Amino acid sequence: MIAILAAAAVAISGGALSSFAPVRGAFRAALALLFGLGIWSVAYAVALFAFGADPRVRLAKDALLVVAGTVVLVRRPGRAPLAGDPGAPRSSSEVPRWPAYAVAAAAVLATAFFVEHTLRHPDGGWDAWAIWNLRARFLAPEILFWAHQDYPLLVPGAVAQAFLLARSESPWVPAAVSYAFAAAAVALLGAAAREMRGAGWGALAALALLSTPCFVGFASNQQADVALGALLLAACALTAIALESGQARALLPAGFAASLGAWTKNEGALYLTCLAAALLATRWGPPRQRVRGLLRFGLGALPVLALVAWFKLRVAHESDLFGHASASRILDASRWGELLAAIPRRIVYFQDWGLWLVGEIAVLAILLPRLPRRPAARAMGMAIALALAVTMAVYVLQPHPLLWFFRASIDRVLIQLWPSALLATVLALAPQPGGRGSPSSGAGLDAAGASPSPQTRANDR
């Protein structure tokens, strides 16, 4: 009964929050899964910090999520998709079926690889048993922090609750949580690309992620990087929907998704900041409209960011990364030279020959200069580029041996950004189907329903 209540809390709370996004079908279902797991973990942390580890507190927390989610769903009845709306169904009679079959085959194969890897390494990779699952095991009976104090708790919080529900610390519990995040990332990427660029591009995007050599490996290693990548993808996809359709309400759940990323790993706070900066800097409307959009984004992020701030100030006082960082290192030319020399080699040898990453860079370098600039793709690309630039500065500032730290962590940074980079690539390369986004389609309207000025449209081109 308790397990059913927990499952209902995840499903209903996630469905309630995803109802604020102007999307339908698989897109909304993937968002609901990500939001539900995130809300479930955040509520657990709040209840644990405020009231302790009493089982009755967890039961009351899940019941409250069910009630609150049900109220939201009842008060927000579904509406029929409108023509040109991101949720409107599109005819797929002219789309070949083989891409969908290829995605299904790749998903089955990836699942088989995931299960096989989990059977051979049930405790996951190094980070899983040394950080994430270790913290979950401490969270389950009582709150103790000594393994990377400053790491947020979204993944350990979800795993710890599953441990308590199962009354066991079976290695299949964190494996199932990791698989859920990985599956949601693939479904969300495919659904978002399909929604904004058509079925063929959706299948291609999902297939690109499934066939990425390290994606299944990271998922089966039960590391939080896949979860962070999925949440960043959700934030980017909803931001793209807002910019291309003019439905600014999508920025509210976009901010919430980005804040869940900040509660997943420390890098998530950086990605949230970079996405907010790109949202403000990209010319997708008049300055006043962009400011209003940024306020919506911030409002959606505020509740979870408040928890992150409290956690950092009251619990996670020290960081092994920034506790001994020195600003003088940023001016050390030898450290920059060491880093710049390591980057090309790591691109080529990323996860035993990252030809896929080299191909991505080559395609963008050749094709992007010849294509029209699209605000959504430009905002996502700007956010990713800014995140990578700041990450390079962090490598130089941090106190550990630079090459060791870079080689140990850059793979994780790239897998966090890769799903969003794939979506940005699709949005940049493919035109909007049916002319969506043109003035005649109604896209590009602000919250008040006013069409952007001719000068704004010219700037966006």
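This is a predicted model: local features need pLDDT of at least 70, side-chain atom pairs count only at pLDDT 80 or more; totals for chains, interfaces and linings use all residues.
**Exercise 1.** Determine how helix α2 and helix α6 are oriented to each other, and which classes of residue make up their contact.

*Solution.* Begin with the axes: those of α2 (residues 25-51) and α6 (residues 154-166) come within 8 Å and cross at roughly 85°. Angles of 65 to 115 degrees count as roughly perpendicular, and therefore α2 and α6 are roughly perpendicular to each other. Next, look at the residues that meet, where α2 brings Gly38, Trp40, Ser41 and Tyr44, while α6 brings several residues, among them Leu154, Gly157, Ala158 and Gln161. Sorted by class, this contact of α2 with α6 has eight nonpolar, four polar and no charged residues.

**Exercise 2.** Carry out the analysis for helix α8 and helix α17, including the handedness of their crossing.

*Solution.* The helices α8 (residues 199-210) and α17 (residues 402-429) pack at an angle of about 150°, with their axes 10 Å apart. Since angles over 145 degrees count as roughly antiparallel, α8 and α17 are therefore roughly antiparallel to each other. Their crossing is right-handed. In the contact, Trp201, Ala205, Ala208 and Leu209 of α8 meet Trp418, Pro419, Leu422, Val426 and Leu429 of α17, and these residues divide into nine nonpolar, no polar and no charged.

**Exercise 3.** Find which residues touch the most other members of the largest nonpolar core, and then follow leucine 31 to its contacts.

*Solution.* Among the 134 residues of this core, Phe27, Leu31, Trp263 and Leu423 touch the most other members, and helix α10 (residues 224-245) gives the most to the core, with 17 residues. Setting aside neighbours within four places in sequence, leucine 31 is in contact with Ser18, Ala21, Val23, Leu188, Ala234 and Leu238.

Conventions. Residues are numbered from 1 along each chain as its sequence is written. Side-chain values use heavy atoms; hydrogens and water are left out. Axes are lines fitted to C-alpha atoms, for helices over the stretch in contact, and angles run from 0 to 180 degrees between N-to-C directions. Helices (H or I, at least four residues) and strands (E, at least two) are DSSP runs, numbered from the N terminus. Angles under 35 degrees count as roughly parallel, over 145 as roughly antiparallel, 65 to 115 as roughly perpendicular and the rest as oblique. Contact means heavy atoms within 4.5 Å. Ala, Val, Leu, Ile, Met, Phe, Trp, Tyr, Cys and Pro count as nonpolar, Asp, Glu, Lys and Arg as charged, and the others, Gly among them, as polar. A nonpolar core is a set of buried Ala, Val, Leu, Ile, Met, Phe, Trp, Tyr and Cys residues joined through side-chain atoms within 4.5 Å. Buried means under 20% relative accessible area, exposed over 50%, partly exposed in between (1.4 Å probe, protein chains only). A crossing is left-handed if the near helix is turned anticlockwise from the far one by less than a right angle, and right-handed if clockwise.
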